[in-house]
Amino acid sequence: MNADMSFITLITNASLVVQLVMLILLIASILSWTIMFGKWRITERYRNEANEFEDKFWSGKDLSTLYKDVTSHEENSGMAAIFESGFKEFMRQRNQPGIEPDVMLEATQRAMKVTRAREIDGLESQLPFLATVASSSPYIGLFGTVWGIMNSFRALGNVNNATLAMVAPGIAEALIATAMGLFAAIPAVIAYNRYINQVDLMSSRYDNFMDEFYSVLHRQAYANHGKQ
């Protein structure tokens with residue numbers, strides 16, 4: 001009689017340890033795909049918002065008017081948030097009597113750096129989980145495979161005439177754990193590398209914007225200082 005070698009049967013007939021390994025890998029895979037789709041939406045939104053804000057910033061609009069437009073939104077993120085924090089600090093410092101331009105600009109730059117760090121942290125959130133899944137899933141799956149094959153050969157020790165048909169189901173169910181480990185790890189490592197690259201690109205854009213914005217504020221600070 002031929003043994004039932006369907007995936008469902010192999011999984012349900014697997015030992016408890018192998019089933020737990022499969023369950024862990026299944027949960028890890030589901031969480032990874034959820035994070036991947038979520039990160040895709042976030043990175044697209046940040047990229048589109050950065051493009052839109054840069055168009056407004058370089059349109060020649062007065063910075064005070066642009067600041068009012070930005071602060072009219074309930075919550076800003078990305079480049080708009082960096083601009084908001086920087087210009088807000090710049091105006092606060094400029095309203096203080098007798099303040100030197102260098103002190104004013106240093107405080108402004110510090111405020112922008114704090115906001116930039118917060119935005120980058122938001123983009124990088126949950127990426128360590130993808131890295132963990134990518135690095136550990138193959139080993140978790142391999143553990144389930146080794147355990148399943150070990151049990152199969154232990155069972156053969158109790159029979160006199162061992163055949164391939166007797167050991168094949170046990171080896172097959174054990175190999176499913178390895179396959180699930182790879183299924184969880186491969187998309188996770190691809191997504192991790194992609195989104196880390198996206199974060200690096202966005203970080204470079206933020207740095208370039210901060211340098212350009214700092215130059216604009218530098219000219220304004222010394223122009224106003226010269227009038228005093």
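**Figure 1. Overall fold of the predicted model.** Of the 228 residues of the protein, 38% count as buried. The model is predicted, not experimental. Its secondary structure comes to seven helices and zero strands. Read from the N terminus, the order of elements is α-α-α-α-α-α-α.

**Figure 2. The largest nonpolar core.** This core has 35 residues. Those with the most contacts inside it are F53, F57, L63, F83, F209 and F213. Two or more residues of the core are given by each of α2, α3, α4, α5, α6 and α7 (164-227). Helix α7 provides the largest share of the core, eleven residues.

**Figure 3. The aromatic cluster.** Nine aromatic residues are shown here, among them the core residues F53 and F57. The cluster is formed by F53, F57, W58, Y67, F83, F87, F90, F209 and F213. F53, F57, F83, F209 and F213 are also listed among the residues with the most contacts inside the largest nonpolar core. F83, F87 and F90 are buried residues of α4.

**Figure 4. The W33 and F37 ring pair in α2.** A search of the whole structure finds 14 aromatic pairs. One of them joins W33 and F37, with 6.0 Å from centre to centre and 35 degrees between the planes, a tilted arrangement. Both residues lie in helix α2, four residues apart, about one turn of the helix. An α-helix has 3.6 residues a turn, so residues three or four places apart point the same way. W33 is partly exposed, with a relative accessible area of 35%. F37 is also partly exposed, at 49% relative accessibility.

**Figure 5. Helix α4 and its buried residues.** Helix α4 covers residues 79-94 and has 16 residues. From its first C-alpha to its last, α4 reaches 22 Å, close to the 22 Å expected at 1.5 Å a residue. The buried residues of α4 are M79, A80, A81, I82, F83, S85, G86, F87, E89, F90 and Q93. Of these, A80 also belongs to the lining of the largest pocket.

**Figure 6. The largest pocket and its lining.** The pocket has a volume of about 250 Å³. Its lining consists of E49, E52, F53, K56, L66, D69, V70, H73, E75, N76, S77 and A80. By type, the lining residues divide into four nonpolar, three polar and five charged. Helices α2 (16-57) and α3 (63-71) each supply at least two residues of the lining. The largest share, four residues, comes from α2. F53 lines this pocket and is also part of the aromatic cluster.

**Figure 7. Q126 in the loop between α5 and α6.** Q126 is found in the loop that runs between α5 (101-124) and α6 (127-156). Most residues other than glycine have a negative phi, and most peptide bonds are trans. Q126 has a positive phi of about 75 degrees although it is not a glycine. With a relative accessible area of 46%, Q126 is partly exposed.

**Figure 8. M112 and Y206.** M112 sits in helix α5. At 0% relative accessibility, M112 counts as buried, because buried means under 20% relative accessible area. M112 and Y206 are 94 residues apart along the chain, and their C-alpha atoms are separated by 9.7 Å.

Figure 9. I196 is placed in helix α7. I196 counts as partly exposed, at 25% relative accessibility.

**Figure 10. L23 and M180.** L23 is found in helix α2. With a relative accessibility of 44%, L23 counts as partly exposed. L23 and M180 are 157 residues apart in sequence, while their C-alpha atoms are 9.6 Å apart in space.

Definitions and conventions. Residues are numbered from 1 along each chain as its sequence is written. This is a predicted model: local features need pLDDT of at least 70, side-chain atom pairs count only at pLDDT 80 or more; totals for chains, interfaces and linings use all residues. Side-chain values use heavy atoms; hydrogens and water are left out. On a 1 Å grid over the protein atoms alone, a cavity is a set of points where a 1.4 Å probe fits but cannot get out, and a pocket is an open set with protein on both sides within 12 Å along at least five of seven lines; lining residues have an atom within 4 Å of a point. Grid points are joined across faces, edges and corners, and a volume is the space filled by probe spheres set on the points. Ala, Val, Leu, Ile, Met, Phe, Trp, Tyr, Cys and Pro count as nonpolar, Asp, Glu, Lys and Arg as charged, and the others, Gly among them, as polar. Rings of Phe, Tyr and Trp (its six-membered ring) pair if their centres lie within 6.5 Å; planes under 30 degrees apart count as stacked, over 60 as edge-to-face and the rest as tilted. Buried means under 20% relative accessible area, exposed over 50%, partly exposed in between (1.4 Å probe, protein chains only). The expected span of a helix is 1.5 Å times one less than its number of residues. A nonpolar core is a set of buried Ala, Val, Leu, Ile, Met, Phe, Trp, Tyr and Cys residues joined through side-chain atoms within 4.5 Å.
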